[in-house]
Amino acid sequence: LAQAKAKFLVMSFTSDWRFSSARSREIVRALLENDRDLVYAVIEANEGHDAFLMGIPQYLAAFSAYMERVAIEAESA
């Protein structure tokens, strides 16, 4: 991760049994330890592992806000 140049969006869903929020926090810690640019969000959801496929308002809002930030940064580059 120390050599990564990308910006990161890490999202987890509280009910995801396959990729738990605890594992996402490990990724976030590693990114922070390497001074990487990141956004992290934990989404309350009951949909389990497939939550990212659902139209959960909190998820859609967080993802849309991040993508808007990416678009603005791309325009100003």
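The model is predicted.

**Entry 1: aromatic rings**

I began with the aromatic side chains. A pair of rings is described by the distance of the centres and the angle of the planes. My search for ring pairs returned two.

I took Phe13 and Tyr59 to start. Their ring centres are 5.2 Å apart and the planes stand at 65°. Planes over 60 degrees apart count as edge-to-face, so this pair is edge-to-face. I then looked up where the two residues sit. Phe13 belongs to strand β1, residues 8-13. Tyr59 belongs to helix α2, residues 57-76. The pair therefore ties together parts that are 46 residues apart in sequence.

Are Phe13 and Tyr59 buried or exposed? Both are buried. For Tyr59 I noted a relative accessibility of 13%. Buried means under 20%, so Tyr59 counts as buried.

Next I took Tyr59 with Phe63. Here the ring centres are 6.3 Å apart and the planes are at 35°, so I logged the pair as tilted. Tyr59 and Phe63 are four residues apart in helix α2, which means about one helical turn separates them. Phe63 has 35% relative accessibility and counts as partly exposed.

I wrote down Phe13, Tyr59 and Phe63 as one aromatic cluster.

**Entry 2: the nonpolar core**

In soluble globular proteins, nonpolar side chains tend to be buried together. I looked for such a group here. Which residues make up the largest nonpolar core? It has eight: Met11, Phe13, Ala41, Ile43, Ala45, Ala51, Ile56 and Tyr59. Strands β1 and β2 are the elements that give two or more residues to this core. Phe13 and Tyr59 are core members, and I had already logged them as an edge-to-face pair.

I checked the surroundings of Ala45. Leaving out residues up to four places away in sequence, Ala45 touches Phe13, Thr14, Ser15, Ala51 and Ile56.

I moved to Leu9, which is found in strand β1. Its relative accessible area is 27%, and Leu9 is partly exposed. Which residues does Leu9 contact, neighbours within four places in sequence aside? They are Val39, Phe63 and Tyr66. I also took one distance from Leu9. Its C-alpha atom is separated by 18 Å from that of Ala45, 36 residues away along the chain.

I then looked at the surface. Phe52, Leu53 and Met54 make a nonpolar patch of about 300 Å². Leu53 sits in the loop between β2 (38-43) and α2. At 59% relative accessibility, Leu53 counts as exposed.

**Entry 3: salt bridges**

How many salt bridges does a search of the whole structure find? The search finds five.

Lys7 and Asp37 meet through their side chains, with an N to O distance of 3.9 Å. The cut-off is 4 Å, so I kept this pair as a salt bridge. Lys7 lies in the segment before β1, and Asp37 in the loop between α1 (21-33) and β2. The two residues are 30 apart, and the pair links distant parts of the chain. Lys7 is partly exposed at 40% relative accessibility. Asp37 is also partly exposed, with a relative accessible area of 33%.

Lys7 has a salt bridge with Glu73 as well, where the closest N and O atoms are 2.7 Å apart. Lys7 precedes β1 and Glu73 lies in helix α2, so this pair ties together parts that are 66 residues apart in sequence. I noted 29% relative accessibility for Glu73, which counts as partly exposed.

Glu73 also forms a salt bridge with Arg69, with the closest N and O atoms 3.1 Å apart. Arg69 and Glu73 are four residues apart in helix α2, so about one helical turn separates them. Arg69 is partly exposed, at a relative accessible area of 26%.

Lys7, Asp37, Arg69 and Glu73 are linked in a network of salt bridges.

Technical notes
Residues are numbered from 1 along each chain as its sequence is written. This is a predicted model: local features need pLDDT of at least 70, side-chain atom pairs count only at pLDDT 80 or more; totals for chains, interfaces and linings use all residues. Side-chain values use heavy atoms; hydrogens and water are left out. Rings of Phe, Tyr and Trp (its six-membered ring) pair if their centres lie within 6.5 Å; planes under 30 degrees apart count as stacked, over 60 as edge-to-face and the rest as tilted. Buried means under 20% relative accessible area, exposed over 50%, partly exposed in between (1.4 Å probe, protein chains only). Patches are made of residues with over 30% relative accessible area and no salt bridge: like charges are joined within 9 Å, nonpolar side chains (Val, Leu, Ile, Met, Phe, Trp, Tyr) within 5 Å. Accessible areas come from the Shrake-Rupley method with a 1.4 Å probe; for residues, only the protein chains shown count as cover. Contact means heavy atoms within 4.5 Å. A nonpolar core is a set of buried Ala, Val, Leu, Ile, Met, Phe, Trp, Tyr and Cys residues joined through side-chain atoms within 4.5 Å.
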